[in-house]
Protein chains: 2
Amino acid sequence: MKKWKTLSSELVFNNKWFRIAKDKVRLPNGKIIDDYFSWKAKEVVWIVPVTTDKKLLLVKQYKHGVGEITIEYPGAIKEDSETPKECAIRELFEETGYTAGKVVYIGEYFESPTKSSCRGHLFVAIDCVKTGNQYLDETEDIEVLKANLNSVLEMIKNKEMKFTGSIAGTFLATKYLK
Amino acid sequence: MKKWKTLSSELVFNNKWFRIAKDKVRLPNGKIIDDYFSWKAKEVVWIVPVTTDKKLLLVKQYKHGVGEITIEYPGAIKEDSETPKECAIRELFEETGYTAGKVVYIGEYFESPTKSSCRGHLFVAIDCVKTGNQYLDETEDIEVLKANLNSVLEMIKNKEMKFTGSIAGTFLATKYLK
């Protein structure tokens, strides 16, 4: 099985927050597609925080993409100037006021591979303790929840946690909860 | 905790394949944001297919969004004219040539709630049997894989399966594999 070959690529929408590309591509069977549109997304970072007493930290906030109040783990768009791990440490503190004893890299995942280039870097933050207050910008209003694994599994079952990145993160982090 | 109020919304990029909106919104604290950009995505459907001998069916294909060959469960953008369940049944057959004895709705999930409106409807297709050949369009080249749960968990561990929707789907479907 072979990849498509990108013959040319043009940003047809491009500002600070969103970039859409129109690619001309050649398929392995020779067919040419003149206009394959996709979102050239920035990398994101997701953190599953586990406290010293083996509880998970969650953030409850309004997300305008879906227009709903969601429960997820902390996450952010990675700044160009930082590594994924630096972003994880920064964002965990900003959103929750907690600092981790150790930050473990789980891996890189895709949130929407057909139409978005987005890579999400998943970390588990172990031995988290509260070291300060949240540091939010003026558009953010985040409630921090602390729950054991069984409660989070209930949230998933009850559709209170609906973000696939957080659901996958829960299962990938379970070994750090024992 | 309150939602943001959308004061006005304009499609700043709009074609058959992609729609980007610029919203003017009022936050609960009174602050106005003039330009919140988000992807007005179509609903998608993900199917976790389980065969009569309790194997999972996977599809291996090139995804141009991420530029990689991926292993996922079957999935598709839902057509306006069909229900999520109709889409699941159609897409399962088209991508794999299998038909389910029963299709169970697991629920609605978000793939990227901050910047995308996308809702993904997750189904488990039980008692799948091969009833025909794949029915692919000329841009599709899909290899069907059949694996038991332990092999899929290995694929997740080895980063062969990197789509969070499929990883979450694997864990949410496990009770149908016993």
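Mentor: We will go through the confidence scores and then the cavities.

Mentor: This is a predicted model, where local features need pLDDT of at least 70, side-chain atom pairs count only at pLDDT 80 or more, and totals for chains, interfaces and linings use all residues. Residues are numbered from 1 along each chain as its sequence is written, chains are lettered from A and ligands numbered from 1 in the order in which they are written, and side-chain values use heavy atoms, with hydrogens and water left out.

Trainee: What pLDDT does chain A average?

Mentor: pLDDT is the predictor's confidence in each residue, from 0 to 100. Chain A averages 96, and 100% of its residues score at least 70. For the model, ipTM is 0.96 and pTM is 0.97.

Trainee: How many cavities of 30 Å³ or more does a search of the whole structure find?

Mentor: Rolling a probe the size of a water molecule over the atoms shows where empty space is left. A cavity is a set of points, on a 1 Å grid over the protein atoms alone, where a 1.4 Å probe fits but cannot get out; lining residues have an atom within 4 Å of a point. The search finds two.

Trainee: Which residues line the largest cavity?

Mentor: Among them are W46(A), Y73(A), L122(A) and F163(A). The second largest cavity, of about 30 Å³, has W46(B), Y73(B) and G169(B) among its lining residues.

Methods. 1 Å grid on protein atoms, 1.4 Å probe; cavity = no way out; pocket = protein on both sides within 12 Å on 5 of 7 lines; lining within 4 Å. Points joined across faces, edges and corners; volume = space filled by probe spheres on them.
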